[in-house]
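Subject: Handover of a structure and findings

Dear colleague,

Please find the structure below, followed by an account of what was found in it.

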Amino acid sequence: MKHAIITSFLGKLRDRFCEYQEPLSIEEKLERMARIPGVTGAEVVHPYEVEDVDTMRRHLKRLNLQIAAINVNIKADPIFAYGSLCSPDPAVRRKASDMMKAAKDYAKAMGADKVTCCPLSDGYDYPFHTDYRKSWDRMVGIVREVAEYVPEIPLFMEYKPSETRVHCTLDSAAKALLLCEAVGNPNLGITLDIGHSLYGGESPAEAVALIAGSGFQYYVHINDNNAKWDWDLMAGTHHLWHYIEFLYYLKELDYQGWITSDSSPVRQEALETFAFNVRITERIWNWLDQMDMSMIRYHLERHEFMPVLKMLEQFLFADATVKAGSR
Amino acid sequence: MRHALIVAFFGRLRDRFCEYGSPSRIDEKLARAAAVQGVEGAEIIYPDECSEPELVADALSATGLAVSAINVNLKSLPEFQRGALSSGDAQVRRKALDLILGAKEFAARIRADRVTCAPLADGVDYSFQHNYSSAWRRTVELLRTGLDEGPSLPIHLEHKPGDPRTRGLLRSSDVLLRLLNDVARSAAGITFNIGHASVSGTSPAEYLSHVLRLKIPLYVHFCDAAGEWDWDLLAGSQHIWAFCEVICALQAAGYEGWLTDDTFPVRADPHELFSANIHRVSLITRSAMLGLSKFESFRTPFPMASTCLPLC
């Protein structure tokens, strides 16, 4: 299992009301990352966070880290406030596609194997805010154009129900698959963020099964939330059973990619936050290895969840005694 | 009912990923607020917008705006990140109390009628994060002190489901009413936020009915929410009938206080958005007055809002 972190979470963070942590250079963030046991990969934000290729390569080599993904940010520039890929303004769409292509160039030069992109400024806030059909066509058009550019670097599109827009255009696993199918390029993938899936009302395990069944590539971000908002909390802290189920499916699907932490350490120590993510994930992963997976498959085929839950209880309550007479 | 604006919305705004608008001085914000037709009042943030009291007083005088409330900010300072009123750290609570008392002094000085406070730093993100009983007790004690000391002015607490905490201490008006019962001070009031009471599609009129029943000092913020989040949207843009219902309920209860616009103009021109908001609320208010006689249908099992309100 390969663990990575989105490096921007190791520097200055903010929400609508507060600011957290200190601003750090990419080198300082990578140095912090390298101190977290089990973490070997970095997802870095292009173009705002990265340095030139040679410098970045030196940092990564010195710290024994790899690039998990290049994350292209097409939301922070004020020009994108009303949309990027779906913008009715061709100059804005051009800027977005140029940034995505530049991220692919950078990924290739860095030896990275993917670019990931979450188009959060694309969507709407009110009824009658946008023409949904034209917005979708524009998104399909730009994604097709970028997917064809430097095809050896696949483009992974990340879905999210909302933020910064009240409703994001690319809001679910199913919608992301519709996009991939509309574009029709196998060099596309989907970044599945467990938190986005949960607060979008999905079961992350079902979502990853759906994506894997489509044949499109996928990449995983982990965190948790209260199913209302993308709080980017520590993995498994709110939806432990869902997280175990999700990891079960990753194991069943023989996922060999990165498990990238997308947790926002706003009111707790950052390194402890990510160390927890790695630990809890490894514990569940290794514990699943001790389970009789064929029995889980057997029960799932028969829609028998109670026997599976009884098996899973051992994970949480292995040392707890059960009083006589209880079942 | 009189219209006011939270004037901070005329300055620099931000969310987690983007920034909007430009930084502005308080006199500029007040001038922009006064330019919105129908606006008579301003809600001002303490201490952020009150560092130059003379400038505030002069700008109020120049614009003719009244102060609907002084809003004491107990969330932005780094020491409040893990709580303010409920903090386990006595120094942090002392700082929160000093700010409340400072806000009361400032409010008295510029003849504002109240201090309002949304204690958004108070709450939790995870299970096992704090002791709920102790946090509640500390909040009650601090509020009692804040009400008992300093100028004799009401303090209105505002409820909100979360943000920046995952689960806010005062996450609903019902929880807040419970708190005010424990605080047991007649000057402890509620800032009822219609948008916060609309998160998750709940009924703000139903929540408000409990506030009205208990005759708690009332001050009102309005906006709309979408889904599970306080987006501070244009009033009635997501839950039009729920918004009409709560305005009718205020009207029926004889509420004559401020209706303060708490709409977040991040991808819209603030002047245009606030003007549209106030225009819409004025239409609904007038419709409610016209339909108040039919409003008796509130007592029938299935009132038809569209027949009560000549909106269309």
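This is a predicted model: local features need pLDDT of at least 70, side-chain atom pairs count only at pLDDT 80 or more; totals for chains, interfaces and linings use all residues.

Residues are numbered from 1 along each chain as its sequence is written, and chains are lettered from A and ligands numbered from 1 in the order in which they are written.

Confidence. The model has an ipTM of 0.82 and a pTM of 0.89. Over residues 295-312 of chain B, pLDDT remains under 50.

Fold of chain B. The chain contains 9 helices and 14 strands, taken as DSSP runs numbered from the N terminus (H or I, at least four residues, for helices; E, at least two, for strands). Its radius of gyration, taken over C-alpha atoms, is 19 Å, close to the 20 Å that the globule rule (2.2 Å times the number of residues to the power 0.38) gives for 312 residues, so chain B is as compact as a globular protein of that length. Its C-alpha atoms fill a box of roughly 55 × 45 × 40 Å along the principal axes.

Strand β1 (residues 2-6) of chain B has 4 of its 5 residues buried. Pairing requires at least two DSSP bridges between strands. β1(B) runs parallel to strand β14 (residues 258-261) of chain B, with 4 bridges, and His3(B) has Leu259(B) as its bridge partner there. β1(B) also runs parallel to strand β4 (residues 39-46) of chain B, again through 4 bridges; here Ile6(B) is partnered by Glu43(B).

Interface. In all, 26 residues of chain B are in contact with 24 residues of chain A, a contact being two C-beta atoms, placed from the backbone, within 7 Å. Strand β13 (residues 229-233) of chain B gives the most to its side, with 3 residues.

Core. The largest nonpolar core has 177 residues; such a core is a set of buried Ala, Val, Leu, Ile, Met, Phe, Trp, Tyr and Cys residues joined through C-beta atoms within 7 Å. Among the members that touch the most others are Met157(A) and Ile70(B).

Yours sincerely

Definitions and conventions: A residue is buried if 20 or more other C-beta atoms lie within 10 Å of its own, exposed if 12 or fewer, and partly exposed in between; C-beta atoms are placed from the backbone. pLDDT is the predictor's confidence in each residue, from 0 to 100.
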